[in-house]
Amino acid sequence: MASFEEQFYLEDPTRLQALWRDVKLLWWLAVRALMWMSKGVLVRRVYRKAQVSGEPLLLEDQFPD
Amino acid sequence: MKKKFPSPKLPFAYRHKPVSGNTINGLGETTLRRATQIFHGSGARKLEWARLEIFFALINPFKVYWLNLLNRWLLRNADGPIAAVQQPVVDARQKSQEIKALALELGAGVVGITHLSEQALYKGTNPQYARAIVVLLPMDNEEMAYVTTNRAGTETMRAYMEITRTVIALSQRIRSMGWRARAYCEGADLLHIPLAIEAGLGQLGKHGSLICKEYGSGMRIATVLTDMPLAEDKPVDIAVDDLCVGCRRCTIDCPVDAIGDRKQTVRGVEKWYVDFDKCAPYFAHTVGCGICIEVCPWTKPGRGPGLLEKLLSKRPG
């Protein structure tokens with residue numbers, strides 16, 4: 001796995017390299033935005049229920065390995 | 001009047017708790033070693049507390065999450081082309097003054113320069129730069145009065161975006177002088193607090209955050225790493241320990257009792273330490289918490305310089 005820095009920080013890129021980096025970063029951001037809107041909706045729903053019921057949400061149930 | 005903060009009883013738990021962050025990061029250890037990332041990673045490796053981090057990200061309000069993504073977009077310009085002709089640095093001291101003036105012009109609140117020390121690097125990382133230009137930027141105290149709510153979380157991300165723009169612009173200007181420079185902000189493989197302390201911007205407070213003379217802990221930190229030869233600043237004594245030894249505001253107000261009253265030995269260094277295992281889950285539950293930095297007497301706007309003078313006058317001799 002490469003870090004954010006290793007993936008998107010480019011020292012002296014060509015125009016094409018910079019453009020390709022921007023495309024990859026936009027994809028990276030889109031995946032995260034979609035995750036907030038899909039998986040996030042489910043997690044927040046369960047989380048709200050846990051707050052009301054007093055029965056704690058178990059993180060392993062939401063994020064299995 | 002004492003503010004009321006969310007209950008320490010959390011609506012989430014683990015079936016099997018991760019390995020203690022205090023153990024991973026050497027609480028009680030007497031040997032010097034680098035810190036290990038356990039939360040707020042850069043994506044390079046799976047962190048022990050990754051589950052909590054993903055949970056934290058997904059329960060954040062959209063505005064905070066969105067600002068974080070926008071900040072990542074800005075960070076693509078953290079590095080870039082270097083001018084072919086390198087401007088020689090004849091007088092490192094004068095150049096430091098120029099760079100500091102430039103940083104202030106670009107929006108920084110306070111600036112310091114130091115060497116890139118081992119203490120600032122996580123285990124397994126190896127940025128190849130000689131020194132660090134550390135930048136502080138104050139947050140809006142009126143907004144931060146709403147800590148544990150979306151409003152303060154939004155202000156934190158706004159400040160991060162502002163400081164990101166500043167360090168990116170500064171790194172670009174240094175590269176235009178023909179020297180390597182890379183900007184680091186939130187979520188980076190770099191420990192900003194040890195660098196800020198070495199750069200003479202402040203001292204470590206009881207709550208585990210930097211306290212600087214000007215803003216207390218009501219600020220964000222970012223760094224530009226560079227090879228440009230610059231005169232380095234020295235650590236300062238602004239009497240933070242004099243205050244923290246006697247003051248119990250953050251220890252009392254921390255809902256999960258994560259802040260201790262005594263310094264502890266951590267990876268060979270005696271320092272103020274916050275119990276990670278207690279702090280991180282509450283932090284996740286409360287949009288990044290921030291109670292300890294908000295209640296710190298030093299964070300009150302304009303109070304720092306007077307407080308420093310008072311504390312120093314109380315010293316014997």
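Visitor: Which residue is the bridge partner of Val110(B) in strand 3 of chain B?

Guide: The partner is Leu136(B). Keep in mind that this is a predicted model.

Visitor: What makes strand 2 and strand 3 of chain B a pair?

Guide: A pair needs at least two bridges between the strands. Strand 2 and strand 3 of chain B are joined by six, so they count as paired. Their directions are antiparallel.

Visitor: Which strands form the open sheet, and in what order?

Guide: Four strands of chain B form the sheet, in the order 2-3-7-4. The pairing is antiparallel. From one strand to the next, the twist averages 20°.

Visitor: Why is one side of strand 2 and of strand 4 of chain B left without a neighbour in the sheet?

Guide: Strand 2 (110-115) and strand 4 (181-184) stand at the edges. Each has a single partner strand, so one side of each has no neighbour in the sheet.

Visitor: Which helices lie across these strands?

Guide: Helix 4 (residues 92-105) of chain B lies across strand 2 and strand 3. Helix 4 runs at about 140° to strand 2 of chain B. Helix 6 (residues 150-175) of chain B lies across strand 3, strand 4 and strand 7 (219-226). Helix 6 runs at about 20° to strand 7 of chain B.

Visitor: Why is Ala132(B) called buried?

Guide: The cut-off is 20 or more other C-beta atoms within 10 Å. Ala132(B) has 28, so Ala132(B) is buried. Ala132(B) sits in strand 3 (residues 131-138) of chain B.

Visitor: Which residues does Ala132(B) contact, leaving aside its neighbours within four places in sequence?

Guide: The contacts are Thr114(B), Leu116(B), Leu195(B), Ala199(B), Thr223(B) and Leu225(B). Glu232(B) is 100 residues from Ala132(B) along the chain. Their C-alpha atoms are separated by 9.0 Å.

Visitor: Now chain A. Which elements does chain A have?

Guide: Chain A has four helices and one strand. From the N terminus on, the order is α-α-α-β-α.

Visitor: How do helix 2 and helix 3 of chain A pack?

Guide: They pack at an angle of about 35°, with their axes 3 Å apart. Met35(A), Trp36(A) and Met37(A) of helix 2 make the contact with Lys39(A), Gly40(A) and Val41(A) of helix 3. By class, that contact has four nonpolar, one polar and one charged residues.

Visitor: How many residues of chain A are in contact with chain B?

Guide: On the chain A side there are 32, in contact with 28 residues of chain B. Among the elements of chain A that each supply at least two residues are helix 2 (15-37) and helix 3 (39-53). By class, the chain A side has 18 nonpolar, four polar and ten charged residues.

Visitor: What makes strand 1 of chain A and strand 1 of chain B a pair?

Guide: The rule again asks for at least two bridges. These strands have two, so they pair, in the parallel sense. Leu57(A) has Phe12(B) as its bridge partner.

How values were computed:
Residues numbered from 1 in each chain as written. Chains lettered and ligands numbered in written order. Predicted model: local features only at pLDDT ≥ 70, side-chain atom pairs only at ≥ 80, totals over all residues. Contact = placed C-beta atoms within 7 Å. Nonpolar A, V, L, I, M, F, W, Y, C, P; charged D, E, K, R; others polar. Axes fitted to C-alpha atoms, helices over the stretch in contact; angles between N-to-C directions. Buried ≥ 20, exposed ≤ 12 C-beta atoms within 10 Å, placed from the backbone.
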